Amino acid sequence: MQHFVVVGILVILTTVLTYLGLDVAGLAKHQHPVSASLQSISIDQLWNWEMMVISFLFSLIIVPMLYSLIVFRQKKGELEDGEHMEGNATLEVVWTVVPIFLVVIFAYLGGKSLGDVRRVDPQAVTIFVKAQQFTWTFEYPEYGIISSELHIPVNKQVVLKMTSADVIHSFWVPEFRIKQDVVPGRYTEYRVTPILVGDYKVRCAELCGTSHSYMENAVIVDTQEDYDTWIAEQVEIAKLASLTPEGQGQLLVARNGCTGCHSLNGTRLTGPTWLNIYGREEEMNDGSKIVIDDAYIAESILDPNAHIVATYASPSQMPAFVFTDEEIANIIAYLKTLK
Amino acid sequence: MLGALFGAVSFLVGCGVTDDWIKWARGIDTSDHHEEHWHGWEKFLNVSFDHKVIGIQYTLIALLLLGVGGTFAMIFRTELAASQLQFLTTDLNLFGQTGPQLFNTLMSLHGMIMIVSILLGISGIINYAVPLLIGAADMSFPRLNAFSYWISVPAAITLVSSLFLGGFDTGWTGYPPLSARAPVGMQMFFMGVFIAGWSSILGALNVIVTALRMRAKGMTAMKMPIFVWASIATSIISMTATQFIGLAFQLVMFQRLFGMGFFDPAKGGNPVLFQHLFWFYSHPAVYVFILPGLGVISELLPVFVRKPLFGYRWVAMSSFGIALVGFVVWAHHMFTSGMNEYLRVPFMYSTLLVSVPTGVKFFSWVATMWKGRISTPTPMLFVLGGIVVFFMGGLSGPPHATVSTDLHLHDTYFVVGHFHDTIFGGFVFPFFAAIYYWFPKATGRRMNEFWGKVHFWLMTPSFFILTFGMMYVGLLGMRRRIADYDPALGLDSAHLILTIAGFAIFTSVIIFGINLFYSIKHGEKAEGNIWNSRSPEWQVPSPMAAHNYSKPLEVIGEPYDYGLKDAPYTRFIEPASAGKSKH
Ligand SMILES: [Cu+2]
Ligand SMILES: [Cu+2]
């Protein structure tokens, strides 16, 4: 009996200490990263309850184990066996039935929390998201804007309709807590109500190939005014761009996510950099040398496997694109400006 | 591709494992009690039909793969020690792969090699221990047994060859469409897994038949050693579920080779379907990995606690409970996949339900320890380590099951920490315990206690740091399977600690390896019942003779009646009364 009392007290003590320890590490009540969406509140709440129960269960097993190890240790020279105790049906039933109750309670809480996370606001703003190796593009259908940054207004639900151009990706902003895979051939939906203005990042969470680690684009939660200004700016930029060939080329590049693989600043991503691309002499993987001109660029885009640049994988990692002659000309005009 | 298939078949014929079958097909008789041609260590490199030799062969190849998979892990763990790419850079070009590609290949291979290693390790313990525990002379089908072992050799080679054939970058899960586009290495990976799966199915069949048909006289179901229960449960899963991963991978292979669009949306296929097929095996597979380990824990705990296993029936049944529930939880890996929304709720219920039979095991183990006379030689240390580590894995499970929290945790390092806990606690620790425990039975010598303890005390704390750290960085935003991470996350120092912990674990396993090989020849002699166990294999001298027990066994008591005087578990049937022994 005395053993049970001691263990009981120790279990309660350890439970409290474990929970406090988790909390100090920032893993129970207040979690890093900051919670920046309405949905994350419900998720963090459930998490916190789980941490409490986990602290208790942890102590419930570990304390009697350690206690037995210390108190019921075989002393030196002792050859006796332990007490002959085969089992206890009542105990077994108790520790089968009580966990079943816990399961039902947490399944209920989990279901409720899922309901909170998926709650639909009929006024939600729709934004289309296209994922591709290794970047994201965001399209605002109301304004005809295409952007590689996601801007959303604070305290308004947005619904992202997401699809992929190639393989499976996954849309995750840790501060929003929610994650949704982006699958080719269908649209998946991501509802979020940001509550904290700030700069975040969408980080692709489903392995999608070589540069998966870098598939991160900016997600910016704006105040309503900033958001409106940004939209107005983008509409203006799009209008101006459509007036010149290189501007149109730049739009095409943005819409097709080329910069997910081609950098503009000289670093090597999945594909060669576009800095000083036009007129550059490039070695191919068959040893031949080619000076980059209109014909070569057109070929590279329409049929990437015709020539593969030395040190890059064959078959090419670049998908074949379909463009009209005029569009190709516009892209070339844009590439010429990258000096 | 064809080369791999051809190579595997010719390897099997060449090594001689099929000799007897070919002879039978041609109508030539072979002797029933196969005489061994090889002696000493050479018998481990040649075809043998003795379950003990095969068990040890399995264990050795499992340890070898553990070393390979561990080395891969150390390579990419080193790259992760700091943000930015240090040596797996984009300019690197090794085996036709740039640094990040090589990272992906090593990371993916680490996963699958470890899984194959675990499957083989399980077969190792089961093959070695089950016939001894049930008092049989061998497995039911010794030739099939040798075949399942030898086929795993080309499986392992094919798998590793993918590293040199352009690699692949899909992780061990091989999700299409990515896997449908990956380099040829992917094909080798699929083939390797396919062959390993074949080995696993055949092995499982053999275990089930052996455990059902070859038990000693009087060994009713409720008098079987608990490890045998676990082996049966595991084998049932392997035998019924492995086909699904084989099928899923085969469909992707066909998509790659013949352009069939099973998972290609452009041709009307469905990528999410693959995930259902894949996880229908791969979830139950984790129970294949852990049930034998938990069986080892339940088997050894009473020996070192000197008390009966608390609630034997409940523990035995809980293995089946886990196996059964395990078949209806697969979609918990797919909460974010875009499958039908409403499916998430029933899968949450079924997943949480797994904790009930698992809980029964933990409570029973603690109750077994209560008021025992506990001693802690190396095997017991690993049993205890296994319980605690597996418990950490169990506790970190439910947050994945309650859907909304999983939306945050899915595909992060939190998951990585969680499953390393379950697999180390459920398999690796008990595997080491089993090796330390049965080593004297196999060799007549024991492994060095001091170095065994060094192994334990180096590995266990490091392992806690490793997995707790993984969960920590995962919560903070570290995605899994990335070669590089955003320095802005502020995870550099955490990752450095993780890498150091990883190397400490690696070192401890090297210590174990040296201890193992050194002790074969130089270990302290241990021919008697050194653990003072009630189990039949310890009632005869070590090392075990060629056809196990010289006289048939009979069960006359309970397996774990420690603390009860004059109530042995088994006795030998003297020749006069040995009328109808099962052979
Ligand atoms: Cu990705
Ligand atoms: Cu699972």
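Trainee: Let's start with α11(B): which of its residues are buried?
Mentor: Helices here are DSSP runs (H or I, at least four residues), and so are strands (E, at least two), numbered from the N terminus. Buried means under 20% relative accessible area, exposed is over 50% and partly exposed is in between, using a 1.4 Å probe and protein chains only. On that basis the buried residues of α11(B) are Arg344(B), Phe347(B), Met348(B), Ser350(B), Thr351(B) and Leu352(B).

Trainee: And which elements cover those buried residues of α11(B)?
Mentor: An α-helix makes a turn every 3.6 residues, so positions three or four apart point the same way. Cover is judged by contact, i.e. heavy atoms within 4.5 Å. From chain A the cover includes α3 (89-117), and from chain B it includes α10, α12 (355-369), α14 (398-401) and α15 (403-409).

Trainee: Good point to check the ground rules: what pLDDT do local features need in this predicted model?
Mentor: Residues are numbered from 1 along each chain as its sequence is written, while chains are lettered from A and ligands numbered from 1 in the order in which they are written. Side-chain values use heavy atoms, leaving out hydrogens and water, and since this is a predicted model, side-chain atom pairs count only at pLDDT 80 or more, totals for chains, interfaces and linings use all residues, and local features need a pLDDT of at least 70.

Trainee: On to the metals. Which residues coordinate the copper ion (ligand 2)?
Mentor: Donors are N, O and S atoms within 2.8 Å of the metal (3.2 Å for Na, K and Ca), and with water not among the atoms, sites may look incomplete. Along the chain, the donors of this copper ion follow the spacing H-x48-H-H. At 1.6 to 2.1 Å, they are His283(B) (ND1), His332(B) (NE2) and His333(B) (NE2).

Trainee: How many residues apart in sequence are the parts tied together by His283(B) and His332(B)?
Mentor: Both His283(B) and His332(B) are buried. His283(B) sits in helix α9 (residues 271-305) of chain B and His332(B) in the loop between α10 (312-325) and α11 (344-353) of chain B, so the distance in sequence between the parts the pair ties together is 49 residues.

Trainee: What about the copper ion (ligand 1): is its site tetrahedral or irregular?
Mentor: Its protein donors are Cys204(A) (SG), Glu206(A) (O), Cys208(A) (SG) and His212(A) (ND1), at 2.1 to 2.8 Å, and in sequence they are spaced C-x1-E-x1-C-x3-H. Four donors are called tetrahedral if all angles lie between 85 and 135 degrees; four are square planar and six octahedral if opposite donors are over 155 degrees apart and all others between 65 and 115; anything else is irregular. The angles among the 4 donor atoms here run from 83 to 132°, and the site is irregular.

Trainee: Staying in chain A, what is its radius of gyration?
Mentor: Chain A has 7 helices and 12 strands. Taken over C-alpha atoms, its radius of gyration is well over the 20 Å that the globule rule (2.2 Å times the number of residues to the power 0.38) gives for 339 residues, so chain A is more spread out than a compact globule. Its C-alpha trace spans about 90 × 55 × 35 Å along the principal axes. The radius of gyration comes to 29 Å.

Trainee: Which residue's backbone oxygen lies 3.2 Å from a polar atom of the Ser37(A) side chain?
Mentor: Ser37(A) is in the loop between α1 (2-24) and α2 (38-71) of chain A, and with 0% relative accessibility it counts as buried. Among the residues it touches are Glu175(A), Val192(A) and Pro194(A). The backbone oxygen belongs to Phe176(A).

Trainee: Last one: what is the phi of Thr311(A)?
Mentor: Thr311(A) lies in the loop between α6 (294-302) and α7 (325-336) of chain A, and at 49% relative accessibility it counts as partly exposed. Although Thr311(A) is not a glycine, its phi is positive, at about 70°.

Technical notes:
A polar contact is a pair of N or O atoms within 3.5 Å; within protein, one must be able to donate a hydrogen and the other to accept it, and residues adjacent in sequence count only if both atoms are side-chain atoms. Lists of a residue's contacts leave out its neighbours within four places in sequence.
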